[in-house]
Amino acid sequence: ICFKKSIMKIFFITSRFPRYKNDPQPIFVHYLTRELIKKGHDIYVLTSHDYKAKKFEVFEKSKVYRIQYFYPAHKQKLFYGSGLPYHVRTSFLPYIQLPIYIVLQFIKAKILIKKINPDVIHVHWGFPQGIPALFSKKPYIITIYGGEVFLAKKFHLVKILDKIIEKSYKTFALTKGLADVMREFGFKSKLYNIPLGFDKKIFNPNIKNYKTIRRKYCKDNELMVLSVGRLVEKKGFEYLIKAFSITYKKKRNAKLIIVGNGYLKEKLNNLIKDMKLKDNVILAGEINHKLLPKYYKAADIFVLPSIIDSEGDRETQGVVFAEAMATKLPVIGTNTGGIPDIISNEKVGILVEQKNPNQLAKAMLKLLNSENLRKYYSENAYKHVMKNFTWETIAKEYIKIYNEIKKDKKRTGKWNFYL
């Protein structure tokens, strides 16, 4: 397939984009834009502002426009940090800021669409980013990440988001698991699946200079269990710590390292102290993103026991599994949300029930007790993600859709109130 013959202007509307180089916040959209730029496409990004970011910049060849929606800038509380679902639970500010952001996003998007005249609009997170696309009279596609789905359910916005999806050229849920949840919540529009990927130049088995990370946390004879994620309820860290307590009784040379930050930090620290694990379970905090591959490479196994949280939110894919597998690290996950789409068979990883410390401990011991088994899973996992989850592969899938749109100029995103 030759992609160079079909150079396009692609306008991304997203709530989050890297605020600076090596931003530890999710940077999935940036990975995709980078692959598209490699293919010669012209990328424009409209996103939210943060006090650590510029209002306009060319970020690795993407032209990035950021909307400041509140003053002072450090009080902007919508999308960064623990994310919108958490912020609406814990602060009144998002209820003031979100309507302001929706209006400003609509105005700025309208101005930029007129100025840029893009061939296609790519919406990331269907709400509220889908609103300006809906009224743009331009063809648009949507990538649904999951957070917006749970918020739509909570605030009775399912019909509005479903209408935005219905009017899109195509809408992609990250996983079949997420699409199933959307059907369960009452979404009726047709959905397709394209997952998130990983950068094979960053996450691979050939990472160097990782031993300093290992020495920081483990002695020569110790085994390192790694987990990565925001310290929020749906990541299931409470159950991981309880499971590790069982594991440690039978495997005294094991250590658990949890990378990430979030509102549960104090609660988890107290749990670690209560279970007398403060020397064996370490909350490493948020790290520079460029160090993350070294953490994967330093570890012996990777575990993320995500759950369905009290608000119904769950892991919609868990890209950290793909990153870990790409470094040839054996993985353990839970049978919830989109995780089974990555750990798709028993040869590439181990799935356990959510909220089940005993089953999770058994799986950890199974891997910690056998170097041969760790190697078996890591080799199979590596082949699996290299075939299905590189950003190069994901970008090719989206480019096919962009090319379809270019050939089909009859489709628009025009709203019709009477449908």
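Glutamate 60 is partly exposed, at 38% relative accessible area. Partly exposed lies between buried, under 20% relative accessible area, and exposed, over 50% (1.4 Å probe, protein chains only). This is a predicted model: local features need pLDDT of at least 70, side-chain atom pairs count only at pLDDT 80 or more, and totals for chains, interfaces and linings use all residues. Residues are numbered from 1 along each chain as its sequence is written, and side-chain values use heavy atoms, with hydrogens and water left out.

**Positive phi**
- Most residues other than glycine have a negative phi, and most peptide bonds are trans.
- Glutamate 60 has a positive phi, near 45°, and is not a glycine.
- Glutamate 60 sits in the loop that links β3 (56-59) to β4; helices (H or I, at least four residues) and strands (E, at least two) are DSSP runs, numbered from the N terminus.
- Histidine 156, also not a glycine, has a positive phi near 60°.
- The loop between α5 (147-154) and α6 (158-166) holds histidine 156.
- Histidine 156 is exposed, with 73% relative accessibility.

**Cis peptide bonds**
- Tyrosine 71 and proline 72 are joined by a cis peptide bond, with omega about -5°.
- Proline 72 belongs to the loop between β4 (62-67) and α2 (84-90).
- Phenylalanine 127 and proline 128 are also joined in cis, with omega about 5°.
- Proline 128 lies in the loop from β5 (120-124) to α4 (130-134).
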